[in-house]
Amino acid sequence: MRKRDKKTVSRKTTLIVTAALFFSLLLAACGGKSPSATDLKSYRDLSWEGTELTVKLGTNKSTGCEWKNEFGDDSVIGYSINRKFTLSGKGAANGQAIGTLSAGFEGKSKGTTTITFTTPCDWEGNTPGYTYIVTVEVAADGTIISAAGE
């Protein structure tokens, strides 16, 4: 009877863990401003708090549509440690590496400058690629005052 009790406990534990993971993933998918897979091609988002600026861009690693950036003046703003790629659930299910790049930047000194983002190709892998320019204003203490993309 002891073996049967262990199997029952093991099955119950597995069921509870599986249910918890399912609900965690469901909550993560519902929370936040994640774009749908169809919106990723044109997804561009800016946010900032204190000295940290975050630029989010739709990315298609499957075709080479990956973002690189250059600073207009790197004495005004530079890289922060915050940089990640989040895979889109629908893309992953179809074997594609599509999702969002979240690139973090840190204000350094007073001024206004640009961060120019470019891709070598478009969403489908054809040339030319995309360009997205973010103009950012930084206070003397490195606080981000404003940012706008075009």
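Leaving aside neighbours within four places in sequence, T100 is in contact with P35, L40, Y43, L57, K84, F85 and T86. That is a handy way into this structure, which is a predicted model.

- T100 sits in strand 5, which covers residues 98-107.
- T100 counts as buried because its relative accessibility is 12%, under the 20% limit for that class.
- Among the contacts of T100 are K84, F85 and T86, which follow one another in the numbering, as well as P35 and L40.

- Four strands make up an open sheet in the order 3-6-7-8, and their pairing is antiparallel.
- Strand 3 (68-71) and strand 8 are the edge strands; each has a single partner strand, so one side of each has no neighbour in the sheet.
- On average, neighbouring strands of this sheet are turned by 20° against each other, with direction ignored.
- Strand 6 and strand 7 run antiparallel and are joined by eight bridges.
- Within that pairing, F117 stands opposite Y132 of strand 7.
- Strand 7 is also joined to strand 8 (residues 144-149), by five bridges and again in the antiparallel sense.
- Here T135 is the residue that faces A148 across the pair, with A148 in strand 8.

**The two faces of strand 7**

- In a regular strand, side chains alternate between the two faces of the sheet.
- The covered face of strand 7 carries Y132, V134, V136 and V138.
- The uncovered face of strand 7 carries T131, I133, T135 and E137.

**Hairpins**

- Strand 1 and strand 2 (residues 52-60) pair in the antiparallel sense over six bridges.
- In this pair, W48 stands opposite L53 of strand 2.
- Two residues separate strand 1 from strand 2 in their hairpin, and G50 in the turn has a positive phi of about 60°.
- Strand 7 and strand 8 form a hairpin too, with five residues between them, and G142 in that turn has a positive phi of about 90°.

**The nonpolar core**

- Which residues have the most contacts inside the largest nonpolar core? They are L53, V55, F105, F117, Y132 and V134, in a core of 24 residues.
- Strand 2, strand 5, strand 6, strand 7 and strand 8 are the elements that give two or more residues to this core.
- Apart from neighbours within four places in sequence, Y132 is in contact with R44, L46, V55, L57, W67, I115, T116, F117, G149 and E150.

**Salt bridges**

- The whole structure has two salt bridges.
- One of them joins the side chains of E124 and K41, at 3.4 Å from N to O.
- E124 is in the loop between strand 6 (111-118) and strand 7 (131-138), and K41 is in the loop between helix 1 (2-30) and strand 1 (44-49), so this pair ties together parts that are 83 residues apart in sequence.
- E124 is partly exposed, with a relative accessible area of 44%, and K41 is partly exposed at 37%.
- The side chains of E66 and K61 form a salt bridge as well, at 3.8 Å from N to O.
- E66 has a relative accessible area of 33%, which makes this residue partly exposed, and K61 is partly exposed at 36%.

**Cysteines**

- How many disulfides does the structure hold? The number is zero.
- C65 is in no disulfide, and the nearest cysteine sulfur, that of C121, is 5.4 Å away.
- C65 counts as buried, with 0% relative accessibility, and C121 counts as buried at 6%.

Methods
Residues are numbered from 1 along each chain as its sequence is written. This is a predicted model: local features need pLDDT of at least 70, side-chain atom pairs count only at pLDDT 80 or more; totals for chains, interfaces and linings use all residues. Side-chain values use heavy atoms; hydrogens and water are left out. Buried means under 20% relative accessible area, exposed over 50%, partly exposed in between (1.4 Å probe, protein chains only). Contact means heavy atoms within 4.5 Å. A disulfide is a pair of cysteine sulfur atoms within 2.5 Å. A salt bridge is a side-chain nitrogen of Lys or Arg within 4 Å of a carboxyl oxygen of Asp or Glu. Two strands pair if DSSP finds at least two bridges between them. A nonpolar core is a set of buried Ala, Val, Leu, Ile, Met, Phe, Trp, Tyr and Cys residues joined through side-chain atoms within 4.5 Å. Axes are lines fitted to C-alpha atoms, for helices over the stretch in contact, and angles run from 0 to 180 degrees between N-to-C directions.
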